[in-house]
Amino acid sequence: MNRHPSASPSASPLTGRPGAPARPPAAQRHGLWLSVLSLGLGLATTALPPAAEAAGTVQAVTAATAPTPQAERYVRVFPGRYTPREQAWVQKYLDDNAALQRRGPIDVQRLVRGELPRDTPGLGPVIRVTEDWVRYQNQRVDPDNPLRHDRAYAQRAGLPDILAFNTFGAHDDTFMVPWPPAARDKLLVSDLNHSVTTLRPIHPGDTLYLVADAREVIDLTPPEGATQRTVALNTQGSIYNQRGEKVNEVIFRVTESVRQFRDPSEAPKNPGFFDMWEAPDWLSRPARVYTDADWARIARLWRGEQRQGATPRYWDDVAVGSAPAPTLDGPILASVTPVPPWGMGSGGSRTLRREILDDGQRAGLVRGARDGIWRTRERAGYVPATPPQPAGHAGGPPPDAGAITTTDIHKDGEQRSPLVNYMGRDLAIRHLDHWMGEAGWLQNIRWSIMDPRGHAAMGLPVPANPRAEHFLDRLAPFMPEMRGRYVHTHGLSQDVALVQSRVVSKAVVDGQALVELVWWIETIDGQIWQEGAATIRLPRKPL
């Protein structure tokens, strides 16, 4: 959290690779409906596809090439060639992409003055950064950082006001536009990869303008054809403030595998979400019943957390291969819910670290007989109420805090549900803030879930997005046991978020002293449910 951040590219300056990472869902039997439901939202425009689509025109599948084996339940499709049902919808999608490319750089001054036509390709919502929403997000995720809570403290540190999270306005579903829903009967999502580069801080009173800049479509369907079409959708965008300054550069990636029934009568007349949704059986992973030994370990981890605070961490003192102290949040009792246009969603449970570590406060908690988890007596004690939406917001009213289509999620023995991807990301930012201290600046955060290898291991093989970035193999020189590991499960309610990281490189780039860390999130029993990387700028030691 540097007092004077400066611009930097979205690609990691230490690796030369563009940032990437992830984004999932949150629901019950429902495995992941929230993130995909949100895939139906987004900007109406995009930017040029590759290879077979490069000409911007749809190629039809002729009767001569379309297979007719009766054993196949789904239509066989080929890369860059579209069925009669797909043709018009895909052409519109590609035309919108081309319109975004033709637009070129956005006129930022007209954007912030509200002078651009509403149908300008790539225009997203305008976010009013209200103090109550900043404090709500900060308190839920990082209650110990005075730069996020104490205005006088922040001003003494050289800031105009408390800091919002750098991801406050990075609303993924604004930028990701789904493959045309009318062109499929089944949908499987994988390889969620996201990146947020932060060029300037966000404070209460700011206004944020979200703009898509480019979108690439890669048809990953094998040349010999398949009964599902797989497309990687890669979108780049920018977020500006009311002064026309660029605040964030973002990259959002998602892979969609879609199917069409060969016999149209198999498709429901009025399909609901679960008629079309396909996913690995994430919920087959048993919930942890937290024992006294688990709580003793959790308490040790909490007591071992190290906040750098106001003492500068100098780049010169950082050793490649060193390991920041782990942080732990949870057990998570309610997922954050995707609510446009907030980049951090709304709802979600907070960690009861202070209450559990304090004998007096713990006496007022209740421990579940079936899951062993400590809770406050009232749900509002661990799922903070959301503030009202500000005037002019782009989304609908927020749901009940933590609502994710499950019922009674806060009760003892609750059924499990997937955690939205950016809940883990923001808990990782707390971990990184602890390590870098108030003199550091989180220049880039990348995160990833739903690795295709995890899908394959659960019986749903999908192609990998060639643009996606994965991180854990970069740990091998320091942690040989991490070689070949990947995100093989999905974060679920009742899991903890045990965030760990390693410094994997450092360099001075264009006068900036940068450190690269790889981070990952595990359950209490060591199952990895999210991975990522971060580029942090640190001060140099005085001569």
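## A look inside the chain

The largest nonpolar core has 76 residues, and F168, W179, L208, W435 and I445 have the most contacts inside it. Helix 11 gives the most to this core, namely eight residues. A nonpolar core here is a set of buried Ala, Val, Leu, Ile, Met, Phe, Trp, Tyr and Cys residues joined through side-chain atoms within 4.5 Å. Apart from this core lies another, of 18 residues, with Y290, I298, L301 and V496 among them.

This is a predicted model, where local features need pLDDT of at least 70, side-chain atom pairs count only at pLDDT 80 or more, and totals for chains, interfaces and linings use all residues. Residues are numbered from 1 along each chain as its sequence is written, and side-chain values use heavy atoms, with hydrogens and water left out.

Let us meet W179. Leaving aside neighbours within four places in sequence, W179 is in contact (heavy atoms within 4.5 Å) with Y82, V90, Y93, V217, R229, V231, L233, E256 and V258.

Now to helix 4, residues 131-141. Its buried residues (under 20% relative accessible area, 1.4 Å probe, protein chains only) are W133, V134, Y136, Q137, N138, R140 and V141. Their cover includes these elements:

| Element | Residues |
|---|---|
| Strand 10 | 336-337 |
| Strand 11 | 346-347 |
| Helix 11 | 421-436 |

Finally, the whole chain: there are 12 helices and 17 strands, which are DSSP runs numbered from the N terminus (helices H or I, at least four residues; strands E, at least two). Of the 543 residues, 60% count as buried. Among contacts with a separation of 6 or more, 78% come from residues 24 or more positions apart.

How values were computed. Buried means under 20% relative accessible area, exposed over 50%, partly exposed in between (1.4 Å probe, protein chains only).
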